[in-house]
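Morning, everyone. Let's go through the aromatic contacts, then a few charged side chains.

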Amino acid sequence: MANKRQVYIETYGCQMNLADTEVVLSILADAGYGQTTSLRSADVVFVNTCAVRENAEQRIYGRLGDFRRYKKENPGMVVGVLGCMAERLRKDLMQSESHVDLVVGPDEYRRIPELIEAAINGERGIAVRLSRVENYDDILPLRTEGISAWISVMRGCDKFCTFCVVPFTRGRERSRSMESVVREVEHLGARGFKEVSLLGQNVNSYHDGQNDFADLMAAVARVDRSMRIRFMTPHPQDMSEKLVRTIGENENICNYIHLPVQSGSDRILDLMNRTYTRGEYLALVKKIRTMIPDISLSTDIISGFPTETAEDHHQTLDVIREVEFDGAFTFKYSPRENTKAWHMGDDVAEELKSERLNDIIDVQREISLRKNGAMVNSVCEVLVEGESTKSANDYCGRTDNNKMVVFPKGECEIGQYLDIRIDRVNSATLFGTSLGLSGRQAGHSRLAANA
Ligand code: 5AD
Ligand code: SF4
């Protein structure tokens, strides 16, 4: 029998892209391809790309430059660009001098095997149509063994924040059926996965015709109470009371919400088309905390959006201080062609963007350090996720509210829930000592035990 053709794939950007790569690998496995981690021995080389910010695209272009070398050594190698950049830069990528053979957008992954065949026969291929219905509902993603899995439950985005390219690169919102998501979670549970993250660009606007996102979360949480459920990324506008209640009621839905605010200035929020005011966002946070007092919150913030003044920036710092997020992902505004904000110009100087970004990071770091400091001497339940990246003697894992904890390996194993006493902290990580298995091992929930 001829050897299987081998695919090498690198993934950039958000978790949705990681999930998409698993869909692509599944489609390719069905078509008889194997996966390789060696570029040199690959027959097909793909990058699954991100177009959210300019610097991501620059990095990927650099990587494509590297692939040119490999292709010189191995001229039969097929090089393909998948994902958001494929949508945005199809013309550039398909220029005659380009060494890219395939350009495939996020809704056309089913055509990849056919396009590879064509490329092998010397025909370069492009497939970038966006679909209103494609959700890969029937494809079981090809996952490597592990304890944590992501499941993409909806695709696309209809919010059209003015800075964001996603509605153009990933198209309109569409949701998978609740039944198929639940089936996938059952399958993961049977394989020993301990944590699933439900993913969507705008995950809480999920609706399959009958069930909304709260229904989906409740159904997924019921599958296996010893499994942790996470989700990202919700939009504040769709953060219903029903959803907050569902998070609070289900002990295995993690006590953590990533809730992007983007800016603390009403004027900027309006220009961003975020559909809420600062006051509405703060009221939402208050409501969430009234319902779930110990919930952890994190956020996304953009510095240097067009026309942002020092006053706007200070309002952002104020919101960070007022909410006291547990963490923040911060970005310098990056103009994206064809978005509404693109036409507003990019009038905040680069140095000012960096200065403001650093202010934001400093304020947040202090808050994170204070909040983490309050956890010293407390005992947290941690799911052991793997070896610490910094020390082979330590494991790492997260608490229910998404704090990373590092602790000596001792007797424990990956996939166990442990009680860890926190000994010391910095703004990003907690360090602790294992006190042994936590109550959850027995497979029943804390909720059931308390009820
Ligand atoms: N520039 C900078 N940051 C952006 N994001 C999205 N688009 C841009 C852009 N053009 C950020 C937002 C979003 C996160 C995923 O990326 O904060 O929530
Ligand atoms: Fe982009 Fe806004 Fe949609 Fe998020 S909600 S993907 S930031 S348009």
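Predicted model: local features only at pLDDT ≥ 70, side-chain atom pairs only at ≥ 80, totals over all residues.

Take Tyr109 and Tyr136. Their ring centres are 6.0 Å apart and their planes meet at 15°, so this pair is stacked. Where do the two sit? Tyr109 is in the loop between strand E5 and helix H5, and Tyr136 is in the loop between strand E6 and strand E7, so the pair ties together parts that are 27 residues apart in sequence. Both Tyr109 and Tyr136 are buried.

Next, Phe163 and Phe305. This pair is edge-to-face, with 6.4 Å centre to centre and 85° between the planes. Phe163 belongs to the loop between strand E8 and helix H6, Phe305 to the loop between strand E13 and helix H12, so here the linked parts are 142 residues apart in sequence. Phe163 is buried, at 12% relative accessible area. Phe305 is buried too, at 0%.

Which residues make up the cluster? Phe163, Phe305 and Tyr333 form one aromatic cluster.

Tyr333 also brings us to Lys353. Among the residues that Lys353 touches are Tyr333, Lys332 and Asp346. Lys353 lies in helix H13, residues 350-373. Buried or exposed? Lys353 is buried, with a relative accessible area of 1%.

Last, charges over rings. The charged end of Lys409 sits over the ring of Tyr395, 5.3 Å from the ring centre. Arg424 lies over the face of Phe431, and there the distance to the ring centre is 4.1 Å.

Technical notes. Residues numbered from 1 in each chain as written. Chains lettered and ligands numbered in written order. Heavy atoms only, no water. Helix = DSSP H or I, 4+ residues; strand = E, 2+ residues; numbered from the N terminus. Buried < 20%, exposed > 50% of the residue type's maximum accessible area, 1.4 Å probe, protein only. Contact = heavy atoms within 4.5 Å. Phe/Tyr/Trp six-rings, centres within 6.5 Å; stacked < 30°, edge-to-face > 60°. Lys NZ or Arg CZ within 6 Å of the ring centre and 35° of its normal. Lists of a residue's contacts leave out its neighbours within four places in sequence.
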